[in-house]
Amino acid sequence: MAEEIILLDFWPSMFGMKVRIALAEKGLKYERKEEDLLNKSPLLLEMNPIHKKVPVLIHNGKPICESQIIVQYIDEVWKDKSPLLPSDPYERAKARFWADYIDKKLHLLGGKLWRTKGEEQEASKKEYLECLKLLEEELGDKPYFGGENFGFVDLTLMPYFSWLHVFEIATNFSVEVERPKLITWSKRCMERDSVSTSLPDHQKLYDFFLQLKKWHGIE
């Protein structure tokens, strides 16, 4: 019996991008259903009645919610190809720590960057760059966060770099100048088909961002 894999998704979602990369790394075929978050589908409300958010992975009729949990589920179920988490318990715990740090800190700070102005925005930029500095130090001279192999922390961070181009244009700063090692790392990641095919076009994302600002009444 063939496995049924469905992903409920919204194309600009950093959390959805993460799951798309994980599925691509495993070489899995799946059906992707685009959600309208202003008019959520009955399927989304049925499969994620608690948070009513994307992404949701539906595997043989059973829903898995929250992107980090979904990625770990994918890695456990399809463990024979392209492991995403290290086998060593300590290294695995460390990877989970950094992925959690990225989702909590960068997501919050990214929102602050485009919702604020003046001194408040400058303070947010500084905090954002400090956060990236910590990540750059953790990366060190390794090709990927886990060492020689692309993995859990890399696929968690790359969607934020997709949005980073938008923030740089919108708030006039350059990560390439401030954190060059991370830019080199991101370019290395983009050479992977799993990443390049899972992230949206920069111009399309920027156009969506302008629409998002209008929705929030931000000039």
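Which residue forms a salt bridge with Glu 34? The partner is Arg 32, and the closest N and O atoms of the two are 2.3 Å apart.

## The model

This is a predicted model, in which local features need pLDDT of at least 70 and side-chain atom pairs count only at pLDDT 80 or more, while totals for chains, interfaces and linings use all residues. Residues are numbered from 1 along each chain as its sequence is written, and side-chain values use heavy atoms, with hydrogens and water left out.

## Salt bridges and a network

A salt bridge here is a side-chain nitrogen of Lys or Arg within 4 Å of a carboxyl oxygen of Asp or Glu, and a search of the whole structure finds twelve of them. Through salt bridges that share partners, Asp 9, Arg 20, Arg 32 and Glu 34 are joined into one network.

Glu 34 is partly exposed at 38% relative accessibility, and Arg 32 is partly exposed at 33% (buried means under 20% relative accessible area, exposed over 50%, and partly exposed in between, with a 1.4 Å probe and protein chains only).

## A buried pair

Lys 26 forms a salt bridge with Asp 75, with their closest N and O atoms 2.8 Å apart. Because Lys 26 lies in the loop between helix H1 (14-25) and strand S2 (31-34), whereas Asp 75 lies in helix H3 (residues 67-77), the pair ties together parts that are 49 residues apart in sequence. Helices (H or I, at least four residues) and strands (E, at least two) are DSSP runs, numbered from the N terminus. Lys 26 counts as buried at 5% relative accessibility, and Asp 75 counts as buried at 11%.
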